[in-house]
Amino acid sequence: MDTGDAAWVLVSAALVLFMTPGLALFYGGMDRSRNVLNMLMMNFWCLLTIPILWVVVGYSLAQTPFENDVLGGFDNAFLRGLTISGEDGGFGLLVVIFLGMFAVITPALISGAVADRMKFAAWAVFAPVWTLLVFVPVFKWVYGGWLGQRGSLDFAGGTAIHVNAGIAALACVLVLGKRRGWPREGAPPHSMPLVMLGTGILWFGWFGFNAGSALAANGTAVQAFMNTFLAAAAAGLSWALVERVRDGHVTNLGAASGIVAGLVAITPGAGFVAGMSPIYIGLIAGVVCCFAVRLKTKAGYDDALDVVGVHFVGGLVGSLLIGFFSDPDYFATENMAGLFYGGDGELLFEQALANGVTIVYSFVVTTVIMLALKATIGVRVPELVERSGLDLAEHGETAYHEGTATATSSSAPSASTHDATPATAKV
Amino acid sequence: MKLVTAIVKPFKIDDIKEALKGAGIQGMTTSEVQGFGRQSGHTETYRGAEYTIDFVPKVRLEVLCEVFDAERIAGVIVDAGRTGKIGDGKVWITEVDRVLRVRTGELDGDAI
């Protein structure tokens, strides 16, 4: 194991883990103050459940044996056969760690769509089940499976992660239904500073997501880093400029949404494009996604925080643009070239096919999972809970306390540390 | 003149506002308040320690009106604000001596 590679991929894995709390803040700030803790918990729930699922069976089914076309097996289930003493010195284990971070954030992406109304018990089951039935097989097809073998490209998860989660988000909200009062009753972000902080954390973490996906500390990682830097800036800029021209202001939410759209769009091509291409990809993604988030009101699906408009559309745009901008000579690889680099359109076809297959599979299976949950434990909170807030009803917590609280159990900390006035101790 | 004051559930305020606008009321003032009545508070648990939140968030709504309008407005608020569950709040009507519009100095009925 090359120590330089190991060092970079370890750091990258930690960066990708940090994206999930970042995403939670990004979504949580956009949500209403009565539901922010539910949003954070939906994301943190993925951090609690998916790592365990991943080492028990997820990784093995999603990757090994590598020659399988459709699904892996159980060779590495329960981390069997992965040690630090073998030939690779533990690099195999490091790959399990790194990819596990991606497995965590992929279902978390969906939480933004189902905000404000999904029963937490239903989400608690949905996240791991979806990861196993949808994320794992699609990941296998794209990375080493039949879609990848045909020649389609997905450097860090445009198809396998963003298109996959984005279309699943659409399936979820179609089963779940609209929030009461939507779209007549507006739901403006309750804390834009949280949204901006979350955006910063996402961008920071995304350097690990994209540049770490080189799985080495090499030139491809450097180029992926540069692409991540430029595409996010370009997309934030183009989204902000569209809003300035169309609506009259450069808004924080527009800039943040553009940055995320650019990060999503460069993800599939991060290690396949170079030069000015990331700027073009970012500029295009920012404009397209800025208009795509408006589709939901026209089409009538309540994708609360625009998972479809940003992740699905951004991922799809970025993935298809590889068909134009892929430059294999620059990276000295045997990959197919894009139309602007001497390619003949075959790559564009393969990109469309890989995304088309992912869209159909993810949409259908996600719909089945949601319908099964709806028929059993139910997917929606009662009307009164939806109207008065999920934080207190589903989690017994309130995000922002004003005024006083009384400690009522003997284990409660003293007043001096928690702003609580100890009064009647409950026996 | 009269002042109609209501304490209601926060998520009902939009329904009440729409109902009042529908009843021809041209202005109102709201404020976020905390308090308790028969509903009393609720409990929350942090790291196993239980806390009673005594003061429940409510919205206070105030509408100035002519004497003849007060009962009608109170009725609209009660109808639109009712969920039937404990904690729906209260409405009361008080006497107002004088009303002035700041911009024009208009008085009483003209200032409403």
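Me: In this predicted model, which residue of S6(B) does Ile7(B) stand opposite?
Reply: Strand S1 of chain B covers residues 2–8 and is joined to S6(B) by seven bridges, the two strands running antiparallel. Within that pairing, the residue of S6(B) that stands opposite Ile7(B) is Lys90(B).

Me: Which strands of chain B are the edge strands of the open sheet?
Reply: Four strands make up this open sheet of chain B, with antiparallel pairing and the order S2-S5-S1-S6. From one strand to the next the twist averages 20°. Pairing on one side only marks the edge strands of chain B, and these are strand S2 (29–35) and strand S6 (89–95).

Me: Which strands of chain B does helix H2 touch as it packs on the sheet?
Reply: Helix H1 (residues 13–22) of chain B lies across S1, S2 and strand S5 (56–65), and runs at about 10° to S5(B). Helix H2 of chain B, spanning residues 70–81, also packs on the sheet, and its direction makes about 10° with that of S1(B). The strands of chain B that helix H2 touches are S1, S5 and S6.

Me: Which residue in the turn of the hairpin formed by S3(B) and S4(B) has a positive phi?
Reply: Strand S3 (residues 42–46) and strand S4 (residues 49–53) of chain B run antiparallel and are joined by five bridges, and His42(B) stands opposite Ile53(B) in S4(B). The hairpin that S3(B) and S4(B) form has two residues between the strands. In that turn a positive phi of about 50° belongs to Arg47(B).

Me: Why does chain B count as more spread out than a compact globule?
Reply: Chain B has three helices and six strands, which follow one another from the N terminus as β-α-β-β-β-β-α-β-α. Its C-alpha trace spans about 60 × 25 × 20 Å along the principal axes, and 21% of the 112 residues of chain B count as buried. For 112 residues the globule rule gives 13 Å, and chain B is more spread out than a compact globule because its radius of gyration is well over that value, at 17 Å.

Me: What is the radius of gyration of chain A?
Reply: Chain A has 17 helices and two strands. The globule rule gives 22 Å for 427 residues, and chain A is close to this value, so it is as compact as a globular protein of that length. Along the principal axes the C-alpha trace of chain A spans about 75 × 60 × 45 Å, while the radius of gyration of chain A is 22 Å.

Me: Is Leu263(A) buried or exposed?
Reply: Leu263(A) is found in helix H9 (residues 252–266) of chain A, and it is among the residues that touch the most other members of the largest nonpolar core, which has 136 residues. Beyond four places in sequence, the residues that Leu263(A) touches include Leu202(A), Trp203(A), Trp206(A) and Thr228(A). Thr228(A) is 35 residues from Leu263(A) in sequence, yet their C-alpha atoms are 6.3 Å apart in space. Because Leu263(A) has 30 C-beta neighbours inside 10 Å, it counts as buried.

Me: Which residues is Cys172(A) in contact with, leaving aside its neighbours within four places in sequence?
Reply: Cys172(A) is one of the residues that touch the most other members of the 136-residue core. With its neighbours within four places left aside, Cys172(A) is in contact with Ile110(A), Ala113(A), Val114(A), Thr366(A) and Met370(A).

Me: How many other C-beta atoms lie within 10 Å of Arg179(A)?
Reply: Arg179(A) has its place in the loop between helix H6 (158–176) and helix H7 (192–211) of chain A. Leaving aside neighbours within four places in sequence, Arg179(A) is in contact with Asp116(A), Arg117(A), Asp302(A) and Ala304(A). A residue counts as buried at 20 or more such atoms, and Arg179(A) is buried because the number of other C-beta atoms within 10 Å is 20.

Definitions and conventions:
Residues numbered from 1 in each chain as written. Chains lettered and ligands numbered in written order. Predicted model: local features only at pLDDT ≥ 70, side-chain atom pairs only at ≥ 80, totals over all residues. Pairing = 2+ DSSP bridges. Axes fitted to C-alpha atoms, helices over the stretch in contact; angles between N-to-C directions. Contact = placed C-beta atoms within 7 Å. Core = buried A, V, L, I, M, F, W, Y, C linked by C-beta atoms within 7 Å. Buried ≥ 20, exposed ≤ 12 C-beta atoms within 10 Å, placed from the backbone. Rg over C-alpha atoms; globule rule 2.2 N^0.38 Å.
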